[in-house]
Structure formats: structure tokens, C-alpha cells
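I opened the model to look up a few local details. My notes follow, one topic at a time.

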Amino acid sequence: MNDVLVGIILATLGAGTPLVFAALGELITEKSGVLNLGVEGMMLVGAVCGFAVAADTGSLWLGVVTAMTAGAFMALLFGVLTLTFQANQVAAGLALTIFGVGLSAYIGLEYTSVALTGLQAVHIPLLSSMPLIGPTIFSLDPLMYLSFVLLAAISYFLYRSKAGLLLRAIGESPRSAHSIGYPVIRIRYLAVLFGGGMAGLGGAYLALVYTPLWVEGMTAGRGWISLALVVFATWRPARVILGAYLFGGVTILQLHVQGLGIDLPAQLLSSLPYIATIVVLVLISRDINTIRLNSPASIGKTFHPGA
Amino acid sequence: MMTTNRMFLIAFTVSLLAACGQKDAAEPDASDAGDASRLKVGFVYVTPISDAGWTHQHDLGRLQMEDSLGDQVETKYIENVPEGAEAERVIRQFAADGFDLVFTTSFGYMNPTIKVAEMFPDTTFEHATGYKSAANVGTYVARFYEGRYLSGIVAGKMTKSNVAGYVAAFPIPEVLRGINAFTLGMRSVNPDAEVKVIWTNSWFDPGREREAADVLITQGADIVTHHTDSTAAVQAAEEKGVYAIGYHSDMSRYGETAHLTAVTHHWGDFYTRRAQEVLDGSWSSQNVWGGIKEGMIRLAPLNDAVPADVAALVAEKEAAIRSGDLHPFSGPISNQDGEELVAPGTTMSDEDLQKMEWYVEGVQGKLPR
């Protein structure tokens, strides 16, 4: 029983981690007032570039760094369109996803046959031999530990640092921030680039740790789930990670239920994570105060500094 | 209200895109008219060709046909074509561009193929895995279950936990035949063996397939096999140190120690023969169901970990299937409730096989309805 429980917890963490990365990145982007719907495309391009470099050089870490760079590069395209040229953010974001799907398929042509050994779990001495919490907390893969560190860093940044306050201020009222002399566009660029890098990292987790392989369209909608998670979490980092594990957990549990032979329709079970996401979205949307309190007021609106 | 609009947008896109996320297929290119005397053969593929899997094997078949018929044919394929309205458009485009023979290689292309065939009576169509035909539409499928039975024998001999895990896409007769044949093969050499099944409800979602394989391994399976399109299950087994049996293609390079064998598909001979018949004018609509005997189904080379006596047993059973002495679905066969559905000495008819919708004894869990 213990083994099964450990298996469930580990699988839940694994299924949730790519969502944690992508959603935390998008959260920062949105806190600055920019809505980037291109997460799916950035994840795919990150995944394929990371995989390609890891396969060619044999260095998984170089792959991870490349994935982040590639994700950030995609985000830069989005930034140039929406921040410099003031294009509509929704349209540009959707275009970025479509572009990313095609571009990643093209880059990945030669890599669909390649098999990699993924990043291995790090077993922390002594602690990892404890029952239950040993294998589930102290012997995870390095990127999972990184996701915990990033969560702490982002929470601190947003709510405890001056820079975070500035970022939130720009998301609330770019005009006010601009009028007291802050470079709104430059800061939004940084937030967009960070979001892209994190989406690339999420893609790298899928391609280098989770499966580990590259196939066309392998994110299978996880970028969209990440976007939903940000709203689900009402733009609070800690709730993002909870939402990601909840989503991962429901996905894994339905598989366990099937494996144990419990008589529930599999089609219904497979749709549970999506149903859960939509239900929570609806519940949250009903309470306008939660939204108003945490949602960046300027989200999705272009800002013309000169006007 | 920007936020409210956005909620709807996201809820909508999540529900819509989470499941599919496919890119648009390209149009068949009408510009290269080619030599009029050549037979123009079109192929419609449901996924990218990639390097292993269902579509990959069909494309190997296409290349083999090109090799054997040389200048007499020219071929074109469109990959990643979603089943449904998009498929109809692609198939019609092939016909309108003057293609003489069109292979549509996925179950969901059945109705579009029939519909387009009515509009283009002079074009010949071959649809894989379906059950509707017409004067200019033939159907073809392979007896995958023969290979599944043989791979089940390997699994039954190699398992220590007596539990095998099966990652399956959709509960349709074709997949159920595979699960049942695998289970029958496994229990023919190991009566205590059981098979656990997890449905992913998707032909192609490497992440989900990986999760399903991990769950099966956690629940005690020491051999996993799959009826889905990616190699994720084999890779999961390699990493967790258990055995795997591949499907569609030889997947040994994805799991050098884990991969015991694979049930592989071979369409090249069939494609060559049918194209030749269209060239000769001797083609007629048929319902082709080929297996080990016809060379449509083979087992990939066995892993070195498989002992010689097991390899010999598999070879013996393979020969028996080829000669017709052994049929995986010969009685006695009971369903999960112990009801005897196939009496000793009788064999299920092809018609019954095509309608199969129950689990044999030894498969755990209830079949989803």
C-alpha cells in the first residue's frame, strides 16, 4: 500500500511540475498587465530545442538552459509585436501558439527517433531513506526542487520586494507608473521574457524528464491548462502550485482507479481534470471580489506611453 | 469586463484545445501533374510519420511499393489529417487531382472515404480497419491479434509478478481483440497471469501514456505493453527496470534492456499488390484481413534476455498459426464471469471477432461502456 501511495504522490508531482513552471511564468507576465496566450507554443519550442541540444551534446543541463532561452526568444517575438508595435495581445498570443506548434514540429523532424536518459532523481543522504516522506520529498529530480525554489523566490519577489511592488503597480495602472517615471514597456518586456523562459522550462521538463522524448504536439494542451491555472489561482503563486498538483493528482488518480479495476467509466474519468478546472474557474468567477482583488487591472490592454 | 471575457475564452479554449492540439494538414499539391501514364497513389495519414508507430509502418509500406513498382507509380502522402470533415476535404482533393488509388489509413476516415468514393466512381479507394466497402472501396486490416497472442506467450514466460500492464487507447473491438489475445497467450503458458488495463482515451498523448505505464508498474506489473501510438510506455519500462512489449514498430532502441519484442505491422506487400492490380485493371473491391501467414504481422527480434526454450516455443506457435493449426480464439474461452463463450473445439468466426466487446478471463477490471 505504501508503495502505491508513494507512486501516486510521485506521479502527481511529476504531472504537476511542467504546469507549475509554465503557470508561474505566465503569472508574472500577467501581473505586469500583459496577457500572453502563447504558452503552448512557447512550451513546445522550449521542449524541442532543449531536447535537440541535449540529444546532440549529451548534456541535459545545457538542454534545460537552451529550452529556457528558446522559450524566452518566442516571448521576445510576442513582446516586439504587442509592446513595441502595440498589436492586440489576444491575437498575438494565439498566433504565437500556432506558430510554435508548427515551428517545433519543423525543428523536431530529425529528433523524433532519438531516445534519451532523462534527468535522474537526487537522493538526499539519510533523509531519503525515511518511510513515505523519504521517497516523496527527499528523492525527487532536480527540476522539481527547482520548482519549489522558484515558487518561494517568486512569492518573495511579488509581495516582499520593491521590484515586485513595481511590477504589480504597472499591472494595475501603467499610466500612473509611467507618469512617475518608471519604464513601463521595458519592465513589461522583462516580465514577458521571464514568462517565456519559464514556459520553455516547463517544456524541457516534459521532453527531458517526464517522458523523456520528443514528439510533435507532445504538450497536448498543457500550455492551455497553465493559462487556466493562473486564473484558477486568482494570480497567487502558492495557489498555482496547489492547482497544478490538484490537476496532476486527478489525472493520476483516475489512472490508478482504472488499474485497480474499479468500475467507473474511463471516458468520464479522463475528462475529470478538465471538468474540475472548469468548475473551479466558474466558482471563482462568481465571486467578483476575489477577482477584483488579485487580477491585474490593466491585463490585456495595450499601453501607449506617448499618448 | 475584460476578466470575465477572458474566463470564458480560457474555459473554452481549454476544453477545446486540450484534447486535440493538432495543426492543419497541408493541401495536396495539384501543381506537379506528373507523367500521365503513371499510377498516382495517395496516402492519408492520421498522425505525423515520425520514427515509430502506426503511421510510420504505413509509410514504410508506401516506400516499399515505390521501390517495387519503380517508374510505374508516383505517390504522395498527407500526414496529420484529423478524422472527420478535414479528412473528407483531403480525400476529395486527392480524387479531384486525378489520383487513381487512395489509401486512407485510419478507422475514422471510413465515412469520408465512402462519401468521396460515391462522387468519384473512377477512383479506387482502400480504407484500413473499417467495415464499409463499395464497388470502388476495398477494406484492409491485419490480424494484429495473432502477434498479440505470441507476444503474450513471451510475457507469460518472462513475468515474475504474474501481472502484465496494458496501456490502451479506446475500448473498440480492434483493441479488445489485442488485449484478449495477449491475455490468452499469456495464460496459455502461465495460468496464474493477469492483465491490468488502463485506457488513455487518446491514440496519441505521450504524457498520459507515460503516466499510465508508471501507474501499472506501481501496481505490480513487471511487463507493460501498449496499444497507443507513442513509445512512452517502452521508455517508462526501461527506466523502471521492467520489461516491455512494443507495438506497430520495433521499439527496441527506446528500451534496450526492457524491450522483449514487438508486434509489428507490414503493409508493403499488400500496397504493392493492390497498386499492381489497379495497373493491370484486375482490381476488385475486397475485404482483406491478413496476418502472420500473409506477412502483415510479425514479431520483432526477441531480446537476448528471452531464454532459448521460450524462443523455440514462440517459433513453434508462430508456425502453427501460419499453417492454420492454431487460432488464438479457439475454445474453450470464458469471459470474466467464467461464462464459456467459445466452446471447446470451436473457433470464433471473423464476424464475431470484428464485433468483440468483452474481456476474457484473466483481464482485471470492468470494460468501460
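Among contacts in chain B between residues at least 6 apart in sequence, what percentage join residues at least 24 apart? I got 66%. Contact here means heavy atoms within 4.5 Å.

Ground rules first. This is a predicted model, where local features need pLDDT of at least 70, side-chain atom pairs count only at pLDDT 80 or more, and totals for chains, interfaces and linings use all residues. Residues are numbered from 1 along each chain as its sequence is written, chains are lettered from A and ligands numbered from 1 in the order in which they are written, and side-chain values use heavy atoms, with hydrogens and water left out.

**Chain B overall**

I listed eleven helices and 14 strands in chain B. Helices (H or I, at least four residues) and strands (E, at least two) are DSSP runs, numbered from the N terminus. Of the 369 residues of chain B, 59% count as buried. Buried means under 20% relative accessible area, exposed means over 50%, and partly exposed is in between (1.4 Å probe, protein chains only).

I looked up B:Thr55 in helix H2 (residues 54-69) of chain B. B:Thr55 is buried, because its relative accessible area is 1%. Its side chain makes a polar contact with the side chain of B:Thr47, at 2.8 Å. A polar contact is a pair of N or O atoms within 3.5 Å; within protein, one must be able to donate a hydrogen and the other to accept it, and residues adjacent in sequence count only if both atoms are side-chain atoms. Not counting residues up to four places away in sequence, B:Thr55 touches B:Tyr45, B:Val46, B:Thr47, B:Pro48 and B:Ile49.

I then moved to B:Ile49. It sits in the loop between strand S1 (39-44) and H2 of chain B. B:Ile49 counts as buried, because its relative accessibility is 13%. Beyond four places in sequence, B:Ile49 touches residues including B:His56, B:Asp59 and B:Tyr77. B:Glu79 is also on that contact list. The C-alpha atoms of B:Ile49 and B:Glu79 are 6.8 Å apart, with the two residues 30 apart along the chain.

**Second largest pocket**

I noted about 670 Å³ of space in the second largest pocket. Of the 27 residues that line this pocket, the closest to its centre are A:Leu10, B:Arg210, B:Asp214, B:Glu239 and B:Lys240. On a 1 Å grid over the protein atoms alone, a pocket is an open set of points where a 1.4 Å probe fits, with protein on both sides within 12 Å along at least five of seven lines; lining residues have an atom within 4 Å of a point. Grid points are joined across faces, edges and corners, and a volume is the space filled by probe spheres set on the points.

Which helices each supply at least two residues of the lining? I found H1 (2-31) and H9 (184-210) of chain A, together with H7 (206-218) and H8 (232-240) of chain B.

I also looked at B:Ala233, in helix H8 of chain B. B:Ala233 is buried, with a relative accessible area of 1%. Leaving aside neighbours within four places in sequence, B:Ala233 is in contact with B:Ala213, B:Val224 and B:His226.

**Nonpolar cores**

A nonpolar core is a set of buried Ala, Val, Leu, Ile, Met, Phe, Trp, Tyr and Cys residues joined through side-chain atoms within 4.5 Å. Of the 115 residues in the largest one, A:Leu143, A:Leu208 and A:Trp214 touch the most other members. H9(A) gives the most to this core, with 16 residues. A second, separate core of 89 residues includes B:Ala128, B:Ile153, B:Val195 and B:Val306.

**Backbone checks**

Most residues other than glycine have a negative phi, and most peptide bonds are trans. I flagged A:Gln86, with a positive phi near 60 degrees. A:Gln86 lies in the loop between helix H3 (60-84) and helix H4 (89-107) of chain A. Is A:Gln86 buried or partly exposed? It counts as partly exposed, because its relative accessibility is 23%.

B:Asn201 has a positive phi too, of about 55 degrees. B:Asn201 counts as buried, at 17% relative accessibility.

Last, I noted a cis peptide bond from B:Gly331 to B:Pro332, with omega near 0 degrees. B:Pro332 lies in the loop between helix H10 (308-323) and strand S13 (333-334) of chain B.
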